[in-house]
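This briefing goes through helix packing and nonpolar cores in one structure. Please keep the sequence and the model in view while reading.

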Amino acid sequence: MFNFQRLIIGRPLKTEEAAHEKLPKWKALSIFSSDALSSVGYGPEQIIVTLAVPGMLIYGYFGYATIAVIALLAIVTLSYVQVARANPGGGGSYSIALQNLGETPALVAAASLIADYVLTVAVSVSSGTDALVSAFPALIGREMSINLLVLFGILTVFNLRGVRESSNVFVWPTYFFILGIVCLIGTGVYKAFTGIAPIVPAESLVRQQADWVVVVLALRAFANGCSSMTGIEAISNGVPMFKEPGVKNAIRTTYFMALILGLMIAGISFLFMHYHLLPEENVTMLSQLAEQVFGRGWAYYYIQITTMLILYLAANTAYNGLPPLLSIMARDSYVPRYLGEKGERLGYSKGILLLSLVSAALIFVFNGNVEHLISLYAIGVFLSFTIAQSSLVVKWRRERDTGWISRVALNSFGACVTGIVVLVIAITKFTHGAWIVLVFIPAMIYILKTIHSHYLTTANQLRVSPEDFVDHLEIHNPKNLVIVPISGITKVVAASIRYSKTLGGDVIALYVYTDEEERRKFEEKWNSLNLDIPLRVLYSPYRSIVQPVLGYVSELEMHKSLYHYITIVIPEFEPAKWWHRLLHNQTGWILRTLLILRENVIVSTLPYHFKK
């Protein structure tokens, strides 16, 4: 088992090797931008899916929705550049909100980011499988198996191997995808402007007069298109993972990512309109576009394969974003502290495994349906955008350094715009699944606050003073009673009694019997050994071993003047083979589990190892 783990995960890394795990800009662009860049594989399509309503002429609103998405992308990019600059320690909107707005807004941002990252994995893996099935229809019906294989067999394993190794594996598909999309857009635009067909045909511009139904559909289309901005925040969450100067490199990477993404969205949306593409079952619109531009040749399959890879690897953005975020929240005592511990490969392995398990559950529940998952997607993203920008407004107004007025104006405008987007998404997509996120976020905040309260209470109870070391020991002269529950006279019992004598205090053996003849025989055998250990026997009319022992301990607890501490030494077999455990009862384990909950009761397990 150990050798298999080494084969899959790799050798442990020393803490001193952490510096070699940091990323240069060209690798960071691939690792942190794969989510945002991959959204061109489903973002523009989701706008058209909403607008392609039979009996309605609203396809012409597609261009306006796309322009609005690109404008919003510019606003969000400028805001997250400032988040990276103002918060070089990472943590994104959660950390900046905790510093400037307080606990509750920070936890709203944290819950939103958790929902965003989990959905990033679910949507990306499901979309990648859709692209694969579009190119190879023979795989239809096997989508769930492919999803889980990619999730656990590739993404989880390589991320457990560490940042450097995952970046070495995942960096090239991103650049292959960018190259493919650039060639697709360039070739498509060239054909559009040199061909005899209209650059934008009339059917792609037709739109009926706006009424409340059209407005709702247009707003819902815009909300779906906003899924193209998921992942923009990832760089600000991962500033510490960049090579020095970390902040400057993170900012440059953010600008470059936004530029590439904006050009891709614009180019693909233009070509969708040029060819007047419409949704088809089991065929993505990007697949349709590649077939229109290149035909079913090698270039088509290049686009499909690289799109599939980038969609799968987009999930890797979440693996580089959520575990570090959870580690910061663990430091602040809002999530279990073990999520802040680095594993053998210097990655947050427990956070990686948790993300994989929750994402797999989500894919299973929604059966890998991208349209349904997208409905849950954007609201958490834009809620965290809004909180981050509001936090920056407070920060700039408090510090009032050079240029603070222009920064306040930019972030205030951005917060208003993204806040409006949150309302649009919440209203137009409420019945399509947004209500789940609106329920999840308050529930998650309650859980995070409960965890924090537990850690505060624990810290208060564990806080030590000098009196805790001297009071009981020097004044009360405490006594200890050591109890050894036994079921027979064996080498295991002999070893347990020898150990018990080293603990100090009084030692007794405790035997539970179910009939008088059994008791008589056991006492005769015990007395024949001439041990200086008194034997206490308990009758069990209902044949239970556990309850009489618990009752005896409870009786002793009521006489605290006799003994201040009660130590239970539980002998336990350690079989030579794992399956041998199935051949023995688990009374010792049950006793240990129940007794450890008692105050002033100490439970010690003495293992006895059998030879093979």
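Contact here means heavy atoms within 4.5 Å. By that rule, M229 touches V69, L72, L73, V76, V381, F382 and F385, leaving aside residues up to four places away in sequence. The model is predicted.

**Nonpolar cores**

- The largest nonpolar core has 133 residues.
- Within this core, the residues with the most contacts are M229, I232, L289 and F382.
- Two of these, M229 and F382, also touch each other.
- Helix 6 (residues 103-135) gives the most to this core, with 17 residues.
- Another core lies apart from it and has 18 residues, including V549, L550, L591 and L595.

**Helix 4 against helix 16**

- Helix 4 spans residues 62-86 and helix 16 spans residues 404-428.
- The two pack at an angle of about 125 degrees, and their axes are 10 Å apart.
- Helix 4 passes helix 16 in a left-handed crossing.
- On the helix 4 side, the contact is made by L72, I75, V76, L78, S79 and Q82.
- On the helix 16 side, these residues meet R407, L410, N411, F413, G414, V417, T418 and V421.
- By class, this contact of helix 4 with helix 16 has 8 nonpolar, 5 polar and 1 charged residues.
- L72 and V76 of helix 4 take part in this contact and are also among the residues that M229 touches.

**Helix 9 against helix 16**

- Helix 9 covers residues 212-225, and its axis comes within 9 Å of the axis of helix 16.
- The axes of helix 9 and helix 16 cross at roughly 115 degrees, and the crossing is left-handed.
- V216, L219, R220, F222 and A223 in helix 9 meet V421, V424, I425 and T428 in helix 16.
- The residues of this contact of helix 9 with helix 16 divide into 7 nonpolar, 1 polar and 1 charged.
- V421 of helix 16 meets helix 9 and is also listed in the contact with helix 4.

**T386 in helix 15**

- T386 lies in helix 15, which runs over residues 370-399.
- With 14% relative accessibility, T386 falls under the 20% cut-off and therefore counts as buried.
- T386 touches A415, T418, G419 and V422, not counting residues up to four places away in sequence.
- One of these, T418, also belongs to the contact between helix 4 and helix 16.

Definitions and conventions. Residues are numbered from 1 along each chain as its sequence is written. This is a predicted model: local features need pLDDT of at least 70, side-chain atom pairs count only at pLDDT 80 or more; totals for chains, interfaces and linings use all residues. Side-chain values use heavy atoms; hydrogens and water are left out. Axes are lines fitted to C-alpha atoms, for helices over the stretch in contact, and angles run from 0 to 180 degrees between N-to-C directions. Helices (H or I, at least four residues) and strands (E, at least two) are DSSP runs, numbered from the N terminus. A crossing is left-handed if the near helix is turned anticlockwise from the far one by less than a right angle, and right-handed if clockwise. Ala, Val, Leu, Ile, Met, Phe, Trp, Tyr, Cys and Pro count as nonpolar, Asp, Glu, Lys and Arg as charged, and the others, Gly among them, as polar. Buried means under 20% relative accessible area, exposed over 50%, partly exposed in between (1.4 Å probe, protein chains only). A nonpolar core is a set of buried Ala, Val, Leu, Ile, Met, Phe, Trp, Tyr and Cys residues joined through side-chain atoms within 4.5 Å.
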